[in-house]
Amino acid sequence: MLTISSCKKEADNPQWDIEVLGPVLQATIGINQLLADSLTSTDANGNVRVVYEGTLDNIASDSVYSIPDTAIQTIYTWPFFPVTINPNTPFYTNNKNLVLNVKGAQLTRAVIRSGIIRLTAKNTLPTRVYFTYTVPEARINGQSLSLARSVAAGSLSSPSYFTEDVDLSGYLLNLTGSTNNLVNTIAYNVIARSDSAGPAFPVVQGDTMVNLTANLIDVTPSYVRGYLGQTIINENGNTAVGIGNIFQSGQLSLDSANLQLTVENSIGADLQAYIESLTSVNSRTNISIPLIAPTVLQRNIDLSRASETGNAAAPVRPSTQVINLDNSNSNLTAFLSNLPDQIATDVRLSLNPLGNISGSNDFVYENRLIKTKTRLEIPLRLSMNALTLLDTQELSINNLTNLDPVGPGTFTLVAENGFPIDLRLQLFLLDENQQLTDSLLASEDIPSGITDVNNNVVGATKTRIAIPVDAERKSRILSAKSMIIRASFSTVNQPQRLYLKENYLLRIKLVADGTYSIR
Amino acid sequence: MKSVLFSILVSFSLLGRAQTSNVRNEFLPEQDAMYQLTFSGEYFFASSSLTNKLANDYFLHRFISEETKDVVSGKLNNQNRFAAGFNGAFEFLYRPDSSKVNYIFTLQHHFFTDSRFSNDLFELYFRGNKGYADKTAMLDDSRFRSLLYYQAGIGASGTSKSGKTNWYAIGSLLLGHEILDIQTDKTRLYTSPDGEFIDAELNLIFRQSDSSASNPGAVNGTGFGLTAGFATHIGWKTALHFGVRNLGAIKFFDRSSVVRSDTSLRFEGIEVSDLFNFGDSVNSTVINDSAIVQTFLSDRRKEAFTIYTPGQLDLWLERPTGFKNSTVALGFRQLLSVNARPTGWCQFGYPIGSHVFRFHTQYGGYTGFTAGLGYEFNHYGWKLIISSDYVSAWLNSRGRSQGAFVSLSKSF
């Protein structure tokens, strides 16, 4: 028994502690990492300029036109003296126009991308009734929309019903009505006939002979033609700007910037834009800087109509208008240096400002309206004064790896700063209630690299910051749910603006010096 | 005190198997017996520097304290060695009436760990690299092998017509279950003073059997083994014994892993630059250990390889002392295909009725000088042997070897 008990293993694996000293993590951060979402270019001197390109769809198609749901009801009551209707006898035929309640536009033609027509018939006659519902100018593959359906015999006390949905996708609608000179109008025809195999039946004045309803539901055109009207579209409001939200304080001074706006009008109608104001809003500092650009703002900018190519793959030849803003014609750098978290806009778009000068040949292709391509180019010659970036990252350290064996020790953050920027770094840990539990880096300075008289970095500066981690701090780190990163940037030799170069690097290394338990 | 008593109780010579002066060997059945069944088991640990305390703590998964390591550090040389193992055996001997040849059937289980290592390797492994700041840890020419295999043998033994010589020979099928074999040539590790980088020079080979087939009965390799020997009178009442045991080789199948490295590298931490890609959401996963290792242990293959089993060569002389029926033996032993030095030994045997007591000393192998005791008891065809060659090391709190052998036989 003594032998057996003395040979019993006390744990799953051998156990001892070792003292480790070595690098754990490393990162090399250059301009390319910092500006990963943007294009960068470099001149012959290695100076970096950042280019941001984006595209905005300025208006939605329903702000130009829309076809609302419409119900077309056909009710016919017997208007004459009593008669007997024999089998297989047409007793109702009629051609009618339906005027669609299209807002703003006078359409003559439309191609339907999606939508249905729902036919509902009610019959109180004592014989089956055959309906033929025709829209002669709704065509697909050259065929008109014609629906021949029947509804069973019924009575006043027990009418019969018929309902069917018909898909309108792909139909070309002529919206000029039965006279071909109307707008927003659908011509249709209804014929009713008694059943050839049914009984003859008497009718008297007032009897309902036809009760048919056609509902146009969710009709969305992929193309419309006609006169689009003189619609005015106002674009007012504030747009959040992503990068501005993570800056907490400080000043940024840019040397220059160039903004190129290329507006593409793919609508077959003239447009006129009037930019009343664009304002850079920094809601943290309560500073708003309106854009000053006399050549662009508070004047009409004409966008001529697009034309059709006849090529189904690229049916529209848009017209374009290019607007350039830079230091010579605007205060764009001040506008951007304000670090806006919002851009306040007051823009007015006028459709057909000169009226129907196309002879009702305006057109719109779905998803081809007005597009603005933005190209913002900023040479990274700047100064930063305590420009502070604040970001919160979610943490799930426990999921990364098993950190149980890591014992007390000191982690050392080694930073080799090759930027002409003094950094101040703070890391705070938060628990699940967003309460501060620890400060890993209270307020540590990482001095800039060594610069020459031209403010070019000629050597990196090395800084070592010790982060002691005992059992309590380890527990706080492992239980942290998020981490606040607060980084402050100040360029050297304020207020001079200096270039950020492609070869500038910040090397960060985390070195562990502590106990590790082998288990 | 209990442990001392316990040690004395189980500490008797392993070499009880080689004790007789009447030219006998362990594969000859007892006189007048037709059958003999034997169950035996042994374990051992021996080292030039590792203490029993550290070995016990390691194998029993106890916490290894700094004090335990300090004792070992005080004994380390530039080159050190250790071995540990466990063997279990079942033997069946059969002597037909009509034949002078005896038939031998054996089933055995072997677990053997053998290593040669530098003092720096020990310090690095058990204390970490912090003590090597601004120093190079020399890990050259190190070996580690852990082998577990099964053995099924069939053979014969007999005695010459003159009765002066006896012999035995057993051929065995070896079934390799598990092997881990690591060999380094020029392998060094430099830790920078501030820990900002580690330079490694790695020239090593790592071989391992198929780790996915690890259930107890799994066979990951096959081979052949040989055990043979003889004993003969050479005059002056002296018997000469010569034998080889468990000479063999196992070829592990081509599902085995072989990793070679011949490279130099500087490790400066796991690369996490992507975490600072401020253009994207920070959702990267920190690289795991295997990703680090794979960068320099890139030559990974699945291939077969052959290893030699730890064999043993024995040569000894034995004769009566003239004092009652006591005997004395003087021998030489060399373990083959492992990192042991030659061993010289001497044994004194003293029978009293059904009991035989033995005193054993030896020098060499994996450790230094050790003294052991053995006890044999024979009664009505039963034979019990218990022994240990390492009683002296057990009694020494800083001893570097331990082991015990137990055998129970029945002849009928």
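This is a short tour of the structure, stop by stop, with something to select at each one.

**Before you start**

You are looking at a predicted model, in which local features need pLDDT of at least 70 and side-chain atom pairs count only at pLDDT 80 or more, while totals for chains, interfaces and linings use all residues. Residues are numbered from 1 along each chain as its sequence is written, and chains are lettered from A and ligands numbered from 1 in the order in which they are written.

**Stop 1: confidence in chain A**

Helices (H or I, at least four residues) and strands (E, at least two) are DSSP runs, numbered from the N terminus. Now select residues 1-5 of chain A: pLDDT is below 50 there, and the stretch has one contact in the model beyond near neighbours in sequence. A contact here is a pair of residues whose C-beta atoms, placed from the backbone, lie within 7 Å. Where pLDDT is low, the predicted coordinates should not be read in detail.

**Stop 2: the cores**

Next, select A:Tyr65, A:Leu228, A:Ile267, A:Leu271 and A:Val364, which have the most contacts inside the largest nonpolar core, a group of 107 residues. Strand β14 (residues 208-227) of chain A gives the largest share of this core, seven residues. Another core, of ten residues, lies apart from it and includes B:Leu147, B:Tyr149, B:Ile250 and B:Phe252. A nonpolar core is a set of buried Ala, Val, Leu, Ile, Met, Phe, Trp, Tyr and Cys residues joined through C-beta atoms within 7 Å. A residue is buried if 20 or more other C-beta atoms lie within 10 Å of its own, exposed if 12 or fewer, and partly exposed in between, with C-beta atoms placed from the backbone.

**Stop 3: helices of chain B**

Chain B has six helices and 22 strands, and 37% of its 412 residues are buried. Zoom in on helix α3 (residues 66-73) of chain B, where B:Thr68, B:Lys69 and B:Val72 are buried. Looking down the axis of α3(B), you will find that the buried residues fall within an arc of 95 degrees (taken from the directions from the helix axis to the C-beta atoms), so they line one face of the helix. On the other side of α3(B), B:Glu66, B:Glu67 and B:Asp70 are exposed. The cover over its buried residues includes α2 (52-59), β2 (63-64) and α4 of chain B.

Move on to α4 (residues 119-127) of chain B, whose buried residues are B:Asp120, B:Leu121, B:Phe122, B:Leu124 and B:Phe126. After α4(B) comes B:Gly128, with a positive phi near 90 degrees.

In helix α2 of chain B, pick out B:Tyr58. Not counting residues up to four places away in sequence, B:Tyr58 touches A:Pro14 and B:Ile64.

**Stop 4**

Most residues other than glycine have a negative phi, and most peptide bonds are trans. B:Tyr380, in the loop between β20 (367-379) and β21 (382-388) of chain B, has a positive phi of about 50 degrees. Finish at the peptide bond from A:Gln494 to A:Pro495, which is cis, with omega near 0 degrees.

Notes:
pLDDT is the predictor's confidence in each residue, from 0 to 100. Two residues are in contact if their C-beta atoms, placed from the backbone, lie within 7 Å.
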